Amino acid sequence: MPTSDLIVIGGGIVGLATAYKYQQQFPGRSVLLLEKESELAAHQTGRNSGVLHSGIYYKPGSLKAKNCREGKLAMEAFCQAEGVPYDICGKVIVALSDEELPRLDSIYERGLANGVKCEIISRERLLELEPHVAGIRAIHVPETGIVDYPMVCKKLAERIVAAGGEIKLGTAALGFKSDGATTIVETIAGGFAARQVVNCAGLYSDRVAALTGEEPPAKIIPFRGEYFELKPEAEHLVKNLIYPVPDPAFPFLGVHFTRMINGGIECGPNAVLAFAREGYFKSTINIPELAESLTYPGFLRLAAKYWKMGAGEMWRSVSKRAFVRALARLVPEIKAEHLVAAPAGVRAQALMRDGSLVDDFLIESHGNVVNVLNAPSPAATSALTIGDSIVERLAAARS
């Protein structure tokens, strides 16, 4: 069979960015991208809020901080060149009580350490930016933006094909064979050979890594994020992006408001265990995948640590009234009648056996295979620089 220089598994934004960056670095080399769905960006990339993150939250020096700062600029430049809609609209991170002020200051200091343009603002200035928000003080992050990530993926795919690459949809990876120099990716459409392989399989990245022969240090546990949207008559209550001060005792940001690039205001998400890796609906249950999550020691330890907060997230999942109360802490005028259900997303969260969440991007090399084992937010913002770092690994392994 023909042998490609590179096979990328996964047609989300990180997989597409990797293939695109590989072609830029090595023009003329052959690239094949395999995606199990009938369309690109069908999962995390196509179901997020479309935020261009500034990098304010991430630990200075971490892969998230570095890639987010550089990746945001690269993503803006790509969007500008390709005509992809984006808007640097800014956001506010709001402290609702005196108790939250030290955490607000900590986030501000982290933002400054990461080179983020941000400022502490008074309630008076906050109300100029978001007239309907609660809060006694806030951080204004004017460089945060919103973008159409599915269109970014469409443009990346066009560039890949134009440069001679090939994209095969409906082609799930089922296994791997390797003779040391060449890897054969076995799929439902037959085998495809390559000198190097990159696994960007998202929700199934750990399983694909295991098929390559690697023992992943973490397991993907799927968390569903459920959203509402504001009805048009209530959209005036939110101008741009409104976030709470995150609770350091909980590993998620909390419900917030996001203006979307194609119109509308998204509200959420909560965070509940999904009963399937692609469990976008409460009724979607995959018994083997659910059993895998519920019997994993890391999840049991996480659940024991955060059971009270987890119970609150689950209650908001079944009670619209509880969800509204959480939103109304930020925007008190929000009522249940202002909200309609919106599509949910599932976050592929890598979890260690000791119950600790993998807080940074996790990318590991195994022979001629690179496995992207954890790429949560801000991976979409950072996709182009993540692609650069993966290509550096590929080049080093091949030299």
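Predicted model: local features only at pLDDT ≥ 70, side-chain atom pairs only at ≥ 80, totals over all residues.
Residues are numbered from 1 along each chain as its sequence is written, and side-chain values use heavy atoms, with hydrogens and water left out.

**View 1. Helix H2 (residues 63–82) bends at glycine 71.** Helices (H or I, at least four residues) and strands (E, at least two) are DSSP runs, numbered from the N terminus. H2 has 20 residues and reaches 27 Å from first C-alpha to last. That is close to the 28 Å expected at 1.5 Å a residue, the expected span being 1.5 Å times one less than the number of residues. The bend is about 25°, taken as the angle between axes fitted to the seven residues ending at a residue and the seven starting there. Glycine 83 follows H2 with a positive phi near 75°.

**View 2. The buried residues of H2 pack against helices and strands.** Buried means under 20% relative accessible area (exposed over 50%, partly exposed in between; 1.4 Å probe, protein chains only). Among the buried residues are Lys64, Arg69, Gly71, Met75, Phe78 and Glu82. The helices they pack against are H1 (13–25), H5 (149–162) and H11 (379–398). The strands are S3 (51–52), S4 (86–87) and S8 (145–147). Those three strands form an open antiparallel sheet in the order S3-S8-S4. S3 and S4 are the edge strands, each pairing on one side only. Two strands pair if DSSP finds at least two bridges between them. Two bridges join S3 to S8, and valine 51 has isoleucine 146 in S8 as its bridge partner.

**View 3. Strand S20 (residues 369–374) pairs with S12 and with S19.** Six of the six residues of S20 are buried. S12 (residues 190–199) pairs with S20 in the parallel sense over three bridges. Valine 198 stands opposite valine 370. S19 (residues 362–366) pairs with S20 in the antiparallel sense over five bridges. Here leucine 362 stands opposite asparagine 374. Two residues lie between the strands of the S19–S20 hairpin, where glycine 367 takes a positive phi near 65°.

**View 4. Helices H9 (residues 307–318) and H10 (residues 320–328) cross at roughly 115°.** Their axes come within 5 Å. Axes are lines fitted to C-alpha atoms, for helices over the stretch in contact, and angles run from 0 to 180 degrees between N-to-C directions. Trp315, Arg316 and Val318 of H9 meet Lys320, Ala322, Phe323, Arg325 and Ala326 of H10; contact means heavy atoms within 4.5 Å.
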